[in-house]
Amino acid sequence: MKQEMMEIVNQVELAPRIFEMTLKGELTQEMVTPGQFIHIRVPREDLLLRRPISLAEINHDNQTCKIIYRVEGDGTRAFSHCQVGDKLDCLGPLGNGFDISMIEEEDVVYVIGGGIGVPPLYELGRRLKEKRANIYFLNGFASKDVMYYEKEFSELGSLFIATDDGSYGTHGHVGMLIDDVSKKTTKPKAIYACGAPGLLRAVESTFSDHPHVYLSMEERMACGVGACYACVCQSKKDPNVNKKVCDEGPIFKAGEVMI
C-alpha cells in the first residue's frame with residue numbers, strides 16, 4: 001500500500017452519471033491483483049472521508065489505471081467535475097483481490113456482475129484471458145441507457161446481458177442468466193461475482209456446493225485499511241466474529257460471511 005497524487009489523464013461519461021476516469025502514476029506498479037480498490041480523497045475540504053473505488057483496468061506499461069464510478073453523492077459528484085491534469089490523493093491498492101491461481105487453460109469460468117459491480121470484473125477478465133480460460137460474462141443493468149463496456153467484455157469472452165426493464169438482452173435480473181448459460185457450458189472451474197447483496201446471495205445459493213465461488217462485497221468504508229471497523233460483515237462460521245471488508249475482503253469465498 002502506498003499513497004500518491006495521481007494525475008487524471010482522461011475522463012469520459014460512459015452513461016448517465018457513470019464515469020470512467022484514467023489515472024497515471026507510479027502507484028500502478030503496486031496494482032497486481034484484480035478486484036482490489038483505491039481509496040481516493042475527495043478534492044473538497046468539507047468532505048473528510050476518502051471514497052473506495054475498484055480498479056477496472058491496470059496498465060503497467062503506461063503507468064495508468066482506470067476506475068468507473070457512478071455519481072451518487074457529493075464525493076463522486078466532485079470527482080465527476082475534475083479535469084484532465086488535476087491530481088487526486090490516492091491510497092492503495094487495498095483489499096485482497098480475486099484468487100485466480102487455480103485457473104488453467106480452457107477452464108470454463110463464470111464472471112457475474114450487476115450495475116456498478118461490473119467494473120472490477122473487467123480487469124479480472126483480462127487476467128483470465130491471459131490464462132486462456134473460456135470466460136462467460138453475465139452482466140446485468142437497470143436498462144440499456146446505463147449499460148457500458150459491452151464491446152470491451154465481448155472481446156474477452158462470451159457476453160450475456162440482462163436488463164431489469166427488458167430494453168436490452170434478457171428481460172430480468174442478471175441471476176436469470178445463470179440457468180441459460182449453465183445449459184450451454186460444462187461445469188465452471190470457478191465463479192466470480194460482484195454486485196448488490198441480492199445478486200451475491202443468488203450466486204451463493206446456486207453454487208452452494210462449488211469449492212471456488214468468490215464474491216466481492218460492497219460496503220461503505222471509512223479508513224479503508226482495517227483500523228476503524230466501519231465496514232464489517234458477520235462471519236457465517238462464527239457469529240461472534242466480524243470480517244473487515246476493506247482489509248480481509250472485499251473478496252470472500254461463498255459461505256464465509258453473511259451477505
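Contact here means heavy atoms within 4.5 Å. Before you start clicking: this is a predicted model, where local features need pLDDT of at least 70 and side-chain atom pairs count only at pLDDT 80 or more, while totals for chains, interfaces and linings use all residues. Residues are numbered from 1 along each chain as its sequence is written, and side-chain values use heavy atoms, with hydrogens and water left out.

**Stop one: Thr 185.** Select Thr 185, in the loop between α4 (176-182) and β11; helices (H or I, at least four residues) and strands (E, at least two) are DSSP runs numbered from the N terminus. Leaving aside neighbours within four places in sequence, Thr 185 is in contact with Val 108, Tyr 110 and Tyr 136. Now show side chains: a polar contact of 2.5 Å links Thr 185 to Tyr 110. (A polar contact is a pair of N or O atoms within 3.5 Å; within protein, one must be able to donate a hydrogen and the other to accept it, and residues adjacent in sequence count only if both atoms are side-chain atoms.) Thr 185 counts as buried because its relative accessibility is 15%, with buried meaning under 20% relative accessible area, exposed over 50% and partly exposed in between (1.4 Å probe, protein chains only).

**Stop two: β11 and β12.** These strands pair in the parallel sense over 4 bridges; pairing requires that DSSP finds at least two bridges between two strands. Pick Ile 191 and you'll find its bridge partner in β12, Val 213. Along β12 (residues 213-216), Val 213 and Leu 215 point one way, Tyr 214 and Ser 216 the other, and all are buried. In a regular strand, side chains alternate between the two faces of the sheet.

**Stop three: the cores.** Next, colour the largest nonpolar core, which has 30 residues. Such a core is a set of buried Ala, Val, Leu, Ile, Met, Phe, Trp, Tyr and Cys residues joined through side-chain atoms within 4.5 Å. Ile 103, Val 111, Leu 124, Leu 128 and Tyr 192 have the most contacts inside it. Helix α2 gives the most, with 4 residues. Zoom in on Leu 128: beyond four places in sequence, Leu 128 touches Ile 100, Ile 103, Val 109, Val 111, Ala 133, Ile 135 and Tyr 192. A second, separate core of 29 residues includes Leu 94, Val 174, Leu 215 and Cys 246.

**Last stop: the barrel.** Follow β1-β2-β5-β4-β3-β6 around a closed barrel of 6 strands with antiparallel pairing.
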